[in-house]
Amino acid sequence: MGQIEEVKKKNKVLAMIIRNNYACDGVDFITPNEYSQQVAYMNHPTGKKIDAHVHNLVHRNVVMTQEVLFIKKGVLRVDFYDEYEDYLESRDLHAGDIILLISGGHGFSVLEEVEMIEVKQGPYAGENDKRRFKGIEENQIKYK
């Protein structure tokens, strides 16, 4: 299992998983510029200074919600679906793992009590933000 995994259907990336053991020196923007949600890993030595700054007002056009989950505790199974609601595969996330959900659909099962943090574009539109559908049964789970 790699430190950064992509879940794909053909050439379309549905999710990126950044495993807890991922590390590099400096700053690594893991996501491509065209993603509406940007994820970077940062590793700086003691004493490093990051200039004080204010973010400028920049208009962005966001048409697809992308979300990032930070798993603090437990084990969470993620079931991946394409945009047609067809099941593809499942992956387990453990404490310290991060996932960027980019496209397609997903469902979750808590395998061990989970604490997680979710970050996504806002404001949250409630039920207008998603289309729910019936997911797979436990006997249909397949891992890759």
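Biologist: In what order do the elements of the protein run from the N terminus on?

Modeller: Elements are DSSP runs, numbered from the N terminus: helices are H or I of at least four residues, strands E of at least two. Here the order is β-β-β-β-β-β-β-β. That makes 0 helices and 8 strands. This is a predicted model, where local features need pLDDT of at least 70, side-chain atom pairs count only at pLDDT 80 or more, and totals for chains, interfaces and linings use all residues. Residues are numbered from 1 along each chain as its sequence is written, and side-chain values use heavy atoms, leaving out hydrogens and water.

Biologist: What percentage of the residues in the protein is buried?

Modeller: Buried means under 20% relative accessible area, exposed over 50%, partly exposed in between (1.4 Å probe, protein chains only). Buried residues are 33% of the 144.

Biologist: How many residues has the largest nonpolar core?

Modeller: A nonpolar core joins buried Ala, Val, Leu, Ile, Met, Phe, Trp, Tyr and Cys residues through side-chain atoms within 4.5 Å. The largest has 13 residues. Val-7, Ala-15, Phe-80, Leu-93, Ile-99 and Leu-101 have the most contacts inside it. Strands β2 (12-18), β5 (67-81), β6 (87-94) and β7 (98-101) each supply at least two of its residues. The largest share, 5 residues, comes from β5. Another core, of 12 residues, lies apart from this one and includes Cys-24, Ile-30, Tyr-35 and Ile-102.

Biologist: Which residues is Ala-15 in contact with, leaving aside neighbours within four places in sequence?

Modeller: Contact means heavy atoms within 4.5 Å. Ala-15 touches Glu-5, Glu-6, Val-7, Phe-80, Ile-99, Leu-100, Leu-101 and Ile-102.
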